[in-house]
Amino acid sequence: MANKFKINRTNLSLWKGIAMVAGTFSFVICMLVLVNYIQINRIDPVNTEVINSLVNRLNENPNDVQLREQIREMDLLVRKAYFTNQWQVKAGGYLFLFGIIVTAIALQLFYAGKQQLPQVSEEEEENIILFREKARKWIVIGGFGMVGITLLFAFLTHKELGNQFTEAATIAKAKHAETKQTNITIVAKEEITEPVVEEKVVEEALKEEIVVPVAEEEKVVVEEAKTSSYKGTYPSKEMMANFPSFRGPGGNAIAYQKNIPIEWDGASGKNILWKQPVPIHAYNSPVIWGNKLFLSGASAASREVYCYDRNNGKLLWTAKAEQIAGSPANPPEVTPDTGHSASTVTTDGNLVFAIFSNGDLIAVDMSGKKQWAKNLGVPDNHYGHSSSLIVFEDKLIVQYDQKKNSKVMALSTSSGEEVWSTARKVKVSWASPVIVQNGDQVEILLAADPCIASYDAQTGKELWKIDCITGEVGPSVAYANGIVFALNEYASLVAIKPGAKPEILWEAYDYLSDVPSPIAYNDLLFVVTSYGAVACYNAKAGEILWEKEFDGGFYASPILADGKIYLMDRKGVMHIFKADKEYVELAPSSLGEKSDASPAFADGRVYIRGDKNLYCIGK
Amino acid sequence: MKKSLAFISLLIFFVGMEFAAFSQQQRFPKPEFESGYTQPVTSMPVPSNGMFALLDVLVLIAALSLITWFILKKRSRTGVIAVSIFSILYFGFFREGCVCSVGSVQNVVLALFNPGYHIPLSALAFFVIPLVYTLFFGRTFCAGVCPLGAVQDVFLMRPVTLKKWLQKALGLIPYIYLGLSVLYAATATDFIICRYDPFVGIFRFNATFFMYAIGAAFLLISIFIARPYCRFFCPYGVILNLVSRVSKNHLTITPSNCIQCKLCESSCPLDAINKPVGVKQMEDKRSATRRFILLGLIIPALMIVGGWTGANFHENLAKVNSKVRLADEMLHFDSKTMEESLEIVGFRTSGKPVKQLYQEASEIVKQFYYGGWILGAFIGLVIGLALSGLSTYRYREDYTPDKGGCVSCARCLKYCPVEK
């Protein structure tokens with residue numbers, strides 16, 4: 001018992017002294033660290049007044065080498081000071097901690113030495129009843145106070161946050177919509193100055209006016225990626241005389257027809273040659289071959305391809321995509337703004353090809369008879385598949401970018417057999433393939449998060465790719481003069497010099513699109529946004545030449561024809577303006593019904609798919 | 001004295017090692033390139049070695065066993081101090097306060113509410129093992145194995161006894177903190193216990209100025225008020241408190257029979273010693289029973305009021321969630337008058353569609369609405385039970401530890417003159 005209450009006497013004055021010295025040391029260090037910390041927070045090493053003024057001087061006199069050196073030295077000095085301060089704070093922290101620990105130990109030992117034997121408390125017995133009463137009182141007061149303050153805050157800051165988000169999601173969803181049927185084309189012959197529709201004229205125009213970009217200084221550098229040589233010309237003369245796929249031949253948004261009307265009015269019937277209802281609504285656009293115009297439509301229960309006589313609007317035949325082996329019993333879920341048939345059909349003049357949201361792919365001949373059909377597997381796509389089809393010679397090119405196992409493939413146009421298939425490490429995409437000829441090579445250009453990639457159209461071999469795009473990519477690429485242009489909302493607009501080692505020439509963030517695709521023409525790039533802004537860029541330098549706001553908003557991709565850009569807004573008004581460095585409006589012409597489809601052109605006529613009807617416009 | 005010197009030497013060694021390593025990093029500042037070279041992106045550190053997780057669990061078991069032996073068998077305060085210092089050095093400075101049992105509550109909750117989250121076995125072990133020890137031996141974990149408790153304990157020098165009613169009232173805060181941390185973990189919003197851990201920044205030499213200040217404030221308060229974080233904030237302490245109440249072999253002040261010498265009466269800095277309660281000190285049984293029944297009956301009403309309050313407050317609770325905050329910011333962003341914040345820029349570059357963000361945010365707000373009801377009802381229940389609990393009296397003859405509140409620090413043991 002004597003040992004139990006033994007108190008270890010320590011050298012009180014020693015520990016008191018140590019505690020005082022260590023405590024003072026800790027306090028001083030703490031103050032120094034605080035001052036340093038405040039100093040660090042006040043200084044921005046990359047934005048100092050002195051350097052900024054020197055930089056301004058340098059801007060006025062860019063050739064002043066001495067000044068440049070002075071700025072560099074000053075910059076280094078400021079950075080060094082900043083990092084030294086940081087180092088001091090951290091080192092001071094360690095010293096402070098050390099001082100505090102020594103102080104704590106010294107104080108503990110000091111107080112241990114001052115310990116006294118336990119004593120019986122002489123305080124009065126605790127009044128339990130009173131303590132409990134007080135505790136209850138303060139718990140009640142605290143509880144009420146908490147409820148009061150909480151409710152006050154709740155009512156002052158209440159703003160139906162959940163409902164606001166739900167509404168915002170609905171609006172954003174509607175905005176995103178439909179078109180993901182974007183597309184792309186890259187007509188290698190960008191310098192072609194719109195050959196005339198009539199075949200004979202086209203031939204001459206090709207001979208005389210087509211400038212093959214390979215011959216130019218800024219030719220596309222894909223030589224290193226040579227895999228197979230292509231002797232022909234893409235797009236072919238026939239393709240150029242027609243409008244065989246989404247955004248025209250090759251999908252580069254350039255039509256080669258002339259004498260296209262710019263004025264019409266759906267309400268009064270002015271220049272409306274005919275108008276025909278389309279049986280099933282869809283967001284795809286018309287394509288034309290010869291005298292026939294093709295469209296598709298689909299609902300959850302039915303998938304159809306339509307052929308119209310483009311001269312009189314008569315529905316010539318309807319081909320149903322049914323009884324296809326491997327087709328799922330239930331269609332996949334799609335959003336209303338994408339639908340079951342967002343992909344535009346394509347044709348090679350012999351067969352018409354259509355793809356639907358459930359992966360059904362059908363080929364019918366020009367009289368509507370099914371030639372072959374297959375199911376590619378239901379695409380894992382949360383809005384619905386929308387990449388359009390395109391033909392390269394005897395191959396039907398299918399961009400099948402989905403959540404897993406994305407790929408691009410070429411199917412035999414005659415049998416549907418797979419000719420080649422290339423796996424792609426990309427996320428879901430709603431953009432469409434664009435085909436462009438670069439010298440002796442024909443490239444398929446595809447856009448999907450995270451890259452723009454090029455594939456040899458003959459073999460499917462990946463020629464090049466560059467990581468430069470993110471998000472849910474809707475817009476297809478555009479191509480002109482050896483430069484590929486790609487963009488997506490919340491990502492950026494990039495100009496890419498293609499080749500074995502592709503480079504980003506310039507990048508911009510001002511106008512980005514989530515649905516409509518851009519047009520590249522000569523040295524100009526036209527970017528259309530879904531919220532209604534249109535901008536024209538210098539395609540080589542990336543500077544904005546003009547910008548214009550429209551009210552309706554755009555989902556349809558613009559098409560260039562006869563030096564004019566035809567841009568359909570969501571209300572059904574076609575905005576027509578010159579493809580020029582300055583904005584010159586030619587006409588706004590109203591269809592009289594909503595439309596999100598891109599127009600097709602033939603024989604001096606415009607064909608537009610409205611919400612419910614198909615229109616032929618001409619003089 | 002020798003022990004103290006040895007300890008200081010060890011400390012200097014540890015700090016010196018860190019200091020040398022840090023100084024080496026500073027010798028070579030990053031060069032500046034003129035060629036357009038961009039600095040590589042900072043990569044995340046590789047996950048800690050699985051061996052360390054196993055070692056942590058083994059050390060936890062060893063430390064718990066040792067401290068329990070010191071407390072129950074050796075009845076040694078010195079042993080508790082030794083284990084405390086070891087825990088501060090190992091679990092605190094060396095393992096940088098992670099994984100810790102206090103924070104593991106959130107891992108368990110997240111795993112329960114999110115099937116996609118696989119709880120690390122070490123986190124589960126850190127949650128369960130102290131509970132098992134507490135069930136059998138009382139809060140020996142709190143005594144000196146938890147680095148948060150240990151660091152406060154070593155700073156305690158001039159303990160001041162708080163008024164009992166104040167202790168009771170403040171003692172409800174940990175329940176609220178537990179409720180909030182469960183809500184935020186269940187909604188995968190944040191691990192608030194870790195984020196606002198006042199000591200982890202000190203252990204890591206890395207925290208915001210605000211958190212350093214909070215940590216320093218707690219340590220300063222610890223000089224006078226024993227373990228302020230453990231008693232008035234620790235959410236894990238709530239669970240341990242409840243489990244410890246039914247512990248079989250809890251520490252006893254006296255090794256034999258209490259002789260009511262009163263020597264231990266003021267020995268506990270946590271005021272966790274139950275004093276004898278005589279019949280005379282108790283309230284009239286009839287009025288106490290009537291109040292107890294009345295307060296028991298209003299518990300459902302308190303739960304409804306609490307739930308309704310929590311539900312009304314759900315938007316503010318939800319704004320802690322980064323997705324909700326971002327969606328709110330995006331919703332009210334005006335490009336004409338405002339500049340994009342880093343969060344908005346980051347979101348835009350991620351390429352994620354804005355509608356998805358809104359949908360997710362809306363869903364999270366809904367979760368917080370229901371969570372607000374549950375949290376409020378829980379707080380109402382706790383207040384109700386605390387009020388009715390304050391209307392019960394138990395006859396007691398001896399000085400005994402308050403099994404729930406006692407952290408088994410063993411300070412009281414040497415005050416008892418009774419030998420075995």
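1. Confidence. In this predicted model, chain B has a mean pLDDT of 88, and 90% of its residues reach 70 or more. For the complex, the predictor gives an ipTM of 0.82 and a pTM of 0.56.

2. Make-up of chain B. This chain contains 20 helices and two strands. Of its 420 residues, 42% are buried. When contacts in chain B between residues at least 6 apart in sequence are considered, 83% join residues at least 24 apart.

3. Helix α1 of chain A. This helix covers residues 12–42, which is 31 residues. The expected span, at 1.5 Å a residue and counted over one less than the number of residues, is 45 Å; the end C-alpha atoms of α1 are 45 Å apart, so the two values agree.

4. Packing of α1. The buried residues of α1(A) are A:W15, A:A19, A:A22, A:S26 and A:I29. These buried residues pack against α3 (65–113) of chain A.

5. The sheet of chain A. Five strands form an open sheet in the order β1-β27-β28-β29-β30, with mixed pairing. Strands β1 (254–255) and β30 (585–590) of chain A stand at the edges; each has a single partner strand, and therefore one side of each is left without a neighbour in the sheet. As background, strands of a sheet pair through backbone hydrogen bonds, either parallel or antiparallel.

6. One pair within the sheet. In chain A, β28 (residues 564–568) and β29 (residues 573–578) pair in the antiparallel sense, over five bridges. Within this part of the sheet, A:L567 stands opposite A:H575 in β29(A).

Note on methods: Residues numbered from 1 in each chain as written. Chains lettered and ligands numbered in written order. Predicted model: local features only at pLDDT ≥ 70, side-chain atom pairs only at ≥ 80, totals over all residues. Pairing = 2+ DSSP bridges. Helix = DSSP H or I, 4+ residues; strand = E, 2+ residues; numbered from the N terminus. pLDDT = per-residue confidence, 0-100. Buried ≥ 20, exposed ≤ 12 C-beta atoms within 10 Å, placed from the backbone. Contact = placed C-beta atoms within 7 Å.
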